[in-house]
Amino acid sequence: MRQRTLKTAIGCTGIGLHSGAKVTMVLHPAEADFGIQFKRTDIAGRGAIVPALWSNVGDTRMNTCLVNETGAQVGTVEHLMSALAGSGIDNCLIEINGAEVPVMDGSAAPFLFLIECAGTVEQDAPRRAIRVLKRVTVTDGEKMASLSPANGFSLRFEIDFASQAIARQEFFVALSRGSFKSEISRARTFGFEQEVAMLRAHGLARGGSLDNAVVIDSTGTKVLNDDGLRYGDEFVRHKILDAVGDLSLAGAPIIGAFHGIRSGHALNNQLLRALFADQTAWAYTPVAPGSAAAGGYALPAPDALVVNG
């Protein structure tokens, strides 16, 4: 398998979920081994570049926010990163004129649509993945996130809310050709009516509305959106969508099985930090030619491991 980038540039304009600010974003093709990098067009110089990597994750309150060494930020990157990962994009320069990715409809589907419209192209450079060699787990009270060895990339997530509208949900998906688009991409972010005032007082959810989030009413029993849910278990599927985006900040596709129980952005990032802190827990491996490469995830060659190099 070879690395992939976009065929042509494509952009969009929207509002930030938390800032409420209007922002314009353009996705550009990038050279091999460039990775995924944001460029703040409202900031001059090298300080404008914010690489999309786990080590640059700063604030994780209600979103995943990247921060570079000069303090430049790009927030709410998880839905876009999820779409890029699900599309198999290795290299992309993302120009953005503000501090937060536009929320669009609260899912990854609009970003997936942009990528499909731009098209993708294979590059003259081999693709490599990160193979999980042993189980790594992080916990926070009743919350848990883990990565275990596997022959592909799969995600299992469990949530349990007091709200009757959500209650307990569990979902499993093995990301293969088409599964990200059909099973995960349209699941929207969600919140609770009674929390809106508190979130906005803390500078969050100022751009949130029924147009870009599923909102549960103050009784916890009803979804306020007129169009209802896109999936019967849209809530847990969105948590998987978030996890795909958060884990893509590893910098390469992960070959392993993710399991999350009530996990969120903070714990997902802690999981990557724990993985890379243990040099015996992972290894780079080339992606095998001819293997199924859909969704950005393919089976690696089992006999070709390059430990941490």
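User: Between which two strands is the loop in which Asp33 is found?
Analyst: This is a predicted model, in which local features need pLDDT of at least 70 and side-chain atom pairs count only at pLDDT 80 or more, whereas totals for chains, interfaces and linings use all residues. Residues are numbered from 1 along each chain as its sequence is written, and side-chain values use heavy atoms, leaving out hydrogens and water. Secondary-structure elements are DSSP runs numbered from the N terminus: helices are H or I with at least four residues, and strands are E with at least two. On that basis, the loop that holds Asp33 runs between strand 3 (22-29) and strand 4 (36-40).

User: Is Asp33 buried or exposed?
Analyst: Relative accessible area decides the class: buried means under 20%, exposed over 50%, and partly exposed in between, with a 1.4 Å probe and protein chains only. The value for Asp33 is 62%, and the residue is therefore exposed.

User: What value of phi does Asp33 have?
Analyst: Most residues other than glycine have a negative phi. Asp33 is not a glycine, yet its phi is positive, at about 65°.

User: Which residue's backbone nitrogen does the side chain of Asn91 reach?
Analyst: Asn91 has its place in the loop between helix 1 (78-86) and strand 8 (92-96), and it is buried, with a relative accessible area of 1%. Contact means heavy atoms within 4.5 Å. Beyond its neighbours within four places in sequence, Asn91 is in contact with residues including Gln3, Arg4, Ala30, Phe34 and Gln123. At 3.3 Å, its side chain reaches the backbone nitrogen of Asp33.

User: With which side chain does the side chain of Arg127 make a polar contact?
Analyst: Arg127 is placed in the loop between strand 9 (120-126) and strand 10 (128-132), where it is buried at a relative accessible area of 7%. A polar contact is a pair of N or O atoms within 3.5 Å; within protein, one must be able to donate a hydrogen and the other to accept it, and residues adjacent in sequence count only if both atoms are side-chain atoms. At 2.7 Å, the partner is the side chain of Asp90.

User: How many residues of helix 1 are buried?
Analyst: Among the buried residues of helix 1 are Glu78, His79 and Gly86. Helix 1 is largely enclosed by the rest of the structure, because the buried count is nine of the nine.

User: Is helix 1 oblique or roughly perpendicular to helix 2?
Analyst: Axes are lines fitted to C-alpha atoms, for helices over the stretch in contact, and angles run from 0 to 180 degrees between N-to-C directions. Angles under 35 degrees count as roughly parallel, over 145 as roughly antiparallel, 65 to 115 as roughly perpendicular and the rest as oblique. Helix 1 and helix 2 (residues 109-118) pack at about 40°, with axes 8 Å apart. Helix 1 is therefore oblique to helix 2.

User: What classes of residue make up the contact of helix 1 with helix 2?
Analyst: The contact is made by His79, Leu80, Ala83 and Leu84 of helix 1 and by Phe111, Leu112 and Ile115 of helix 2. Ala, Val, Leu, Ile, Met, Phe, Trp, Tyr, Cys and Pro count as nonpolar, Asp, Glu, Lys and Arg as charged, and the others, Gly among them, as polar. By class, the contact has six nonpolar, one polar and no charged residues.

User: How many charged residues does the contact of helix 1 with helix 5 have?
Analyst: The axes of helix 1 and helix 5 (residues 234-247) come within 7 Å and cross at roughly 75°, which means that helix 1 is roughly perpendicular to helix 5. Glu78, His79, Met81, Ser82 and Ala85 of helix 1 make the contact with His238, Leu241, Asp242, Val244, Gly245 and Asp246 of helix 5. By class there are four nonpolar and four polar residues, and the number of charged residues is three.
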